[in-house]
Amino acid sequence: MCFGLLLASCTSENPLQGIWVGIDEKGGSIEFKPNNKVVVDGISEREYTLSGNDLLIKWLSFNEEYKIEIRGKDTLLMTGLDSRRRYMREDAMGSKTERFALMIKKDIFKKTKTQVTSVTLREVDYEKVKDSVNFSVSSREKIKEGDKIYLGVIVMPNKAPMDIIVREGRSKDGLVAPLWEETFESMVKGMITESIKKICMKVEMKLVSGASYEGTATFEDSKTMNFTFDRMNGWLPKKDKASVQVFVEAYFLNRFGSHTVKSVNLESKDAASLSYTGVVEFSKGGKAAVSIDLTKSWLPLVPTDQATAELIAKYRITKDLSRMAQVVKATPTKSTGEYEVELKLDRLERNVRIVFNANQGWYPVNEVQNLSDVVKCQMSNGLESTFVEDVKLTKKTPTEYRGIAYFSSKDKKDIKVICEGQKFTWEIVKAANDKSFKSQLPPELQKELKNTEMLKKGGPRNLQK
């Protein structure tokens, strides 16, 4: 009776009008419109009547009866014959930008399993930003006069900040939801970051012709790199001194590990020259000469003398095996610029031996115990909650080995190792009756194998090679 008086004392405005979001385990939404229409979960429109606290929803030949109670104006309880639902008024769930930010975070995690650090949105006047923000034509065509538009920044660990444009839409549950997409500049920013593994914070671009652009990328350390971009062929740094220095620095950071390079200083003979020479200085001591001839390649070169090989080998192996490495000795081989290098690794009883070329990379010496130790380190590299405790190999041919990898999780995997000069590979062997090979691997090992596959991709834009 008291509740009936409460409703009667309200204005003639329908107290149910608006969108309510399900806050129980069933979720969903219910929208009461001013024309005695109700939309349940954004799917079907029905008719309803409200008399006191009695709610009747009509659906085809079916009627649903509920007792309703509104608590504190923003919480709706609907009690039916065999159900009791709880809703909250959508407007009471925080500002629209807050709700959209939360939805976008959940959307990204659902698609990528990546935890988003933050999402910030601000409402903008579309007419004022439409010429300065590049996004898809299909989305532009759906924006109508008066529509609310938001610009946003998504921050994720170890990635370039993602710039997005957001417009309002409806989820499948009928809720107001963000329809968002990454801006064109942001996608290019992500490409640059992924290619050189140096986080790009800002990209400015201008259309030159057709699908070709010129732009400037600004990085975390405030250094800038000019570049060209083509929608079909990707991006490349421009060949001015400052841009080439940033590119070469990123190359060495990728090759020898983050925070290993203190500085790169390059000079050219004259302004028209596309050949640069200079010095790369490492943060933990040591310098190496460096040269790059852009008429031939985008890959910088260092000298092939023994001192340079010993300096660079410890950085390269430390990164590739994730264990601090110290060079014990280096011995020249018959091939020019190539050395057999013995290294002491952290947390490994025996020294490992590799064949190393400062410009071309390395491979392990073909000896069973040496290969076992190298494979053990490589398989553990990147694993988080588990690691490889031991690898036991048996020689099948002069270049092929079979064995078992023993994980700290007590799991065991059959492995195959090939060591034929520069052709050095290892793989987990799929059993004949194993039809779900990858799903049986530890999750961390699946991640490591995926990373290993990515390292095989070539091209001047991938500096991990």
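This is a predicted model: local features need pLDDT of at least 70, side-chain atom pairs count only at pLDDT 80 or more; totals for chains, interfaces and linings use all residues.

Biologist: Which residue is the bridge partner of I415 in β27?

Modeller: That's I428.

Biologist: What order do the strands of that open sheet come in?

Modeller: The order is β24-β25-β26-β27, four strands with antiparallel pairing. The edges are β24 (388-395) and β27 (423-428), each pairing on one side only. On average, neighbouring strands are turned by 25° against each other, ignoring direction.

Biologist: Which helix packs on the sheet?

Modeller: Helix α8, residues 368-380, touches β24, β25 (400-407), β26 and β27. The direction of α8 makes about 140° with that of β24.

Biologist: OK, switching topic. What's the order in the open sheet that has β13 in it?

Modeller: β13-β14-β15-β16, an open sheet of four strands with antiparallel pairing.

Biologist: And why is one side of β13 and of β16 left without a neighbour in the sheet?

Modeller: Because β13 (200-209) and β16 (234-237) stand at the edges, and each has a single partner strand. As for the twist, it averages 25° from one strand to the next.

Biologist: How many bridges join β15 to β16?

Modeller: Four, with β15 (residues 224-230) and β16 running antiparallel. F229 has W235 of β16 as its bridge partner.

Biologist: What does helix α5 touch when it packs on that sheet?

Modeller: α5, residues 184-196, touches β13, β14 (212-219), β15 and β16, and its direction makes about 115° with that of β13. There's also helix α6 (residues 241-256), which lies across β14, β15 and β16 and runs at about 90° to β15.

Biologist: Now α2. What span should its 17 residues have, and how far apart are its end C-alpha atoms?

Modeller: At 1.5 Å a residue, helix α2 (residues 96-112) should span 24 Å, and its end C-alpha atoms are 24 Å apart, so the two agree.

Biologist: Which residues in α2 are buried?

Modeller: R99, F100, A101, I104 and I108.

Biologist: An arginine in that list, noted. What covers the buried residues of α2?

Modeller: The cover includes β9 (118-124), β10 (149-155), β11 (162-170) and β12 (176-182).

Conventions. Residues are numbered from 1 along each chain as its sequence is written. Side-chain values use heavy atoms; hydrogens and water are left out. Helices (H or I, at least four residues) and strands (E, at least two) are DSSP runs, numbered from the N terminus. The expected span of a helix is 1.5 Å times one less than its number of residues. Buried means under 20% relative accessible area, exposed over 50%, partly exposed in between (1.4 Å probe, protein chains only). Contact means heavy atoms within 4.5 Å. Two strands pair if DSSP finds at least two bridges between them. Axes are lines fitted to C-alpha atoms, for helices over the stretch in contact, and angles run from 0 to 180 degrees between N-to-C directions.
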